[in-house]
Amino acid sequence: MCVPKNPRVHKRTKTVTTTESKTEEGKELPRVIEFSAPQRPDDLVPFANLVGKIVTIRGFEEFPSRFGGGTFAQIYGELEDGTTFTTRTSARALLDRLKRYQNDFAQGILLKAKIVKRRGASGRYYYDLAPPRD
């Protein structure tokens, strides 16, 4: 029988981790993390609704996608009027750009930008960030 000690719950994903587990025989077991899909935030906004708006991005998390084996970003931010939002996107260009600011987000530095939809050389559209006053 396994007896977990010091369980902790990650509030956003409801992930339970145990810092120490032992069997009745006293043998150490490896730590286990249970995978759980991200919870749907109350302030979730469709990404397309943010195009053309100036936003302040507080940070993001990357999650595995159910479609095609890629990933998607869950972005946390604020509109100019102070309304907070959470949005999700799998746009590669945007995800790559956000990763460049990962260290800044970790230090509490926010990113102010305008969300834009651009046309690439192939004629396909993609989402990106632009300076706030473009």
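1. In this predicted model, the charged end of Lys117 sits over the ring of Tyr125, at 5.4 Å from the centre of that ring. Tyr125 falls within the residue range of strand S7 (125-130), which is one of the two edge strands of the sheet discussed below.

2. As to the overall layout, the chain has two helices and seven strands, and the pattern, read along the sequence, is β-β-β-β-β-α-α-β-β. Of the 134 residues in the chain, 30% are buried. Among the contacts between residues at least 6 apart in sequence, 41% join residues that are at least 24 apart.

3. Five of the strands form an open sheet in the order S5-S4-S3-S6-S7, with antiparallel pairing. Its edges are strand S5 (84-89) and strand S7 (125-130), each of which pairs on one side only, and neighbouring strands of this sheet are turned against each other by 35° on average, direction ignored. In general, the strands of a sheet pair through backbone hydrogen bonds, in either a parallel or an antiparallel manner.

4. Within this sheet, S3 and strand S4 (residues 71-79) run antiparallel and are joined by nine bridges. Across this pairing, Phe60 stands opposite Ile75 in S4.

5. The structure holds three aromatic pairs. In one of them, the rings of Phe60 and Phe105 have their centres 6.2 Å apart and their planes at 80°, and because planes over 60 degrees apart count as edge-to-face, the pair is assigned to that class. Phe60 lies in strand S3 (residues 54-64) whereas Phe105 lies in helix H2 (residues 102-106), so the pair ties together parts that are 45 residues apart in sequence. Both Phe60 and Phe105 are buried.

6. Helix H1 (residues 92-100) lies across S3, S4, S5 and S7, and runs at about 25° to S7. Which residues of H1 are buried? They are Leu94, Leu95 and Leu98, and because these cover an arc of only 100° around the axis, they are on the same side of H1. This can be read alongside the general rule that an α-helix has 3.6 residues a turn, so that residues three or four places apart point the same way.

7. The cover over the buried residues of H1 includes S3, S4, S5, H2 and S7.

Note on methods: Residues numbered from 1 in each chain as written. Predicted model: local features only at pLDDT ≥ 70, side-chain atom pairs only at ≥ 80, totals over all residues. Heavy atoms only, no water. Phe/Tyr/Trp six-rings, centres within 6.5 Å; stacked < 30°, edge-to-face > 60°. Helix = DSSP H or I, 4+ residues; strand = E, 2+ residues; numbered from the N terminus. Buried < 20%, exposed > 50% of the residue type's maximum accessible area, 1.4 Å probe, protein only. Lys NZ or Arg CZ within 6 Å of the ring centre and 35° of its normal. Pairing = 2+ DSSP bridges. Axes fitted to C-alpha atoms, helices over the stretch in contact; angles between N-to-C directions. Contact = heavy atoms within 4.5 Å. Arc of directions from axis to C-beta.
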